[in-house]
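Student: I've got the sequence and the model open side by side. Could you walk me through how to read it?

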Amino acid sequence: MTTTRKRRALVTGAAGGIGSALAEAFVRDGYDVILHDVNEEGGERARHLGAYFIKADLANPNAVEYLAREALSGGGVDVLVNNAGFQHVATVEEFPTDVWQRMIQVMLTAPFQLTKACLPGMRAGGWGRIINVASIHGLVASSNKAAYVSAKHGLIGLTKTTALEVGADGVTVNAICPAYVRTPLVEGQVAAQAETLGLPRDEVVERVMLEPVPIKRLIEPHEVASVALFLASEAGAAITGAQYTIDLGWTAR
């Protein structure tokens, strides 16, 4: 009698926010999950979920290679979810070059490195899913977010290019582009803009973040995770090179 191993999913930046919801959703759906984060609390989250934890700083290319080796050594990666990221708000003239370089490495180069490492196994097995958590800022821009917008636009380009290269091998590559999600990252932006604009936090959410959208609320992390599960499922097998917007109607204008 042969047994079919459970599919394995690697989720980066999974200690909290969208990443935590993604890891939880894949565990619930029966995957073996490898949870990555730069912070130790990721280990606590992994133990709680019954997942395997790998700590690595994606700002270091060598650490990304270590993450890939560790993840692949346990039996391959069937689903790669590139989610890790962070934000820095400043005008182009005031944007620190070292922060720019770190953001591009974490949110664009690291996904490239992990994609490159995971693809041979996916292609050999005739099945794989790569899901890049981009952003509405991969499609449109906002002021004072040059590195974030550039990285996310680049991630969309990486998604499309990779999809064209590996579609014939049973591997799909897609991006999810949410607007503002209720996460610690967004909470930090709210606090920063409240201080900069001299507005109460609630007004920042209503007048800045929700101004472009007809659905006047923040997105919940589990809503993003639900789309990722769909793209990883057999129901999503014909979808590749796509940018799934969860944007509350932002790009309907």
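Student: What covers the buried residues of α3?

Tutor: Ground rules before we dig in. This is a predicted model, where local features need pLDDT of at least 70 and side-chain atom pairs count only at pLDDT 80 or more, while totals for chains, interfaces and linings use all residues. Residues are numbered from 1 along each chain as its sequence is written, and side-chain values use heavy atoms, with hydrogens and water left out. Helices (H or I, at least four residues) and strands (E, at least two) are DSSP runs, numbered from the N terminus. "Buried" is under 20% relative accessible area, "exposed" is over 50%, and "partly exposed" is in between, with a 1.4 Å probe and protein chains only. Contact means heavy atoms within 4.5 Å. Now your question: the cover over the buried residues of α3 includes β1 (8-11), β2 (32-37), β3 (52-55) and α4 (97-125).

Student: Which residues of α3 are buried, and why do they line one face?

Tutor: The buried ones are Ala63, Val64, Leu67, Ala68 and Ala71. Looking down the axis of α3, they fall within an arc of 145 degrees (taken from the directions from the helix axis to the C-beta atoms), so they line one face of the helix.

Student: How many residues does α3 have, and what happens at its ends?

Tutor: For length, take the expected span as 1.5 Å times one less than the number of residues. α3 (residues 61-73) has 13 residues and reaches 18 Å from first C-alpha to last, close to the expected 18 Å. For the ends, look for polar contacts: N or O pairs within 3.5 Å where, within protein, one atom must be able to donate a hydrogen and the other to accept it, and residues adjacent in sequence count only if both atoms are side-chain atoms. At the N-terminal end Asn60 is the cap, with a side-chain oxygen 2.9 Å from the backbone nitrogen of Asn62. Just after α3, Gly75 has a positive phi of about 130 degrees.

Student: What does α1 look like by that reading?

Tutor: α1 (residues 17-28) has 12 residues and reaches 17 Å, close to the 16 Å expected. Its buried residues are Ile18, Gly19, Ser20, Ala21, Leu22, Ala23, Ala25 and Phe26. Their cover includes β1, β2, α2, β4 (79-82), β5 (128-133) and α8 (221-232). Gly30 follows α1, with a positive phi near 100 degrees.

Student: How many aromatic pairs are there?

Tutor: Phe, Tyr and Trp rings (six-membered ring for Trp) pair if their centres lie within 6.5 Å; planes under 30 degrees apart are stacked, over 60 edge-to-face, and the rest tilted. The count comes to 3 aromatic pairs. In one of them, the rings of Phe26 and Tyr31 have centres 4.9 Å apart and planes at 80 degrees, so the pair is edge-to-face. Phe26 and Tyr31 are both buried.

Student: Which charged end sits over the ring of Trp127?

Tutor: The test wants NZ of Lys or CZ of Arg within 6 Å of the ring centre and within 35 degrees of the ring normal. Here the charged end of Arg7 sits over the Trp127 ring, 3.5 Å from its centre.

Student: Is Asn174 buried or exposed, and what does its side chain reach?

Tutor: Asn174 lies in strand β6 (residues 171-178), and at 1% relative accessibility it counts as buried. Its side chain reaches the backbone nitrogen of Gly241 at 3.3 Å, and a polar atom of that side chain is 3.0 Å from the backbone nitrogen of Ala242. Not counting residues up to four places away in sequence, Asn174 also touches others, including Ile130, Thr159 and Leu231.

Student: And Arg45, buried or exposed?

Tutor: At 18% relative accessibility, Arg45 counts as buried. Arg45 is in helix α2 (residues 41-49), and leaving aside neighbours within four places in sequence, it is in contact with Ala14, Ala15, Ser20, Glu24 and Leu35. Tyr52, found in strand β3, is partly exposed at 42%. With the neighbours within four places left aside, Tyr52 is in contact with Val33, Ile34, Leu35, Ala46 and Glu70.
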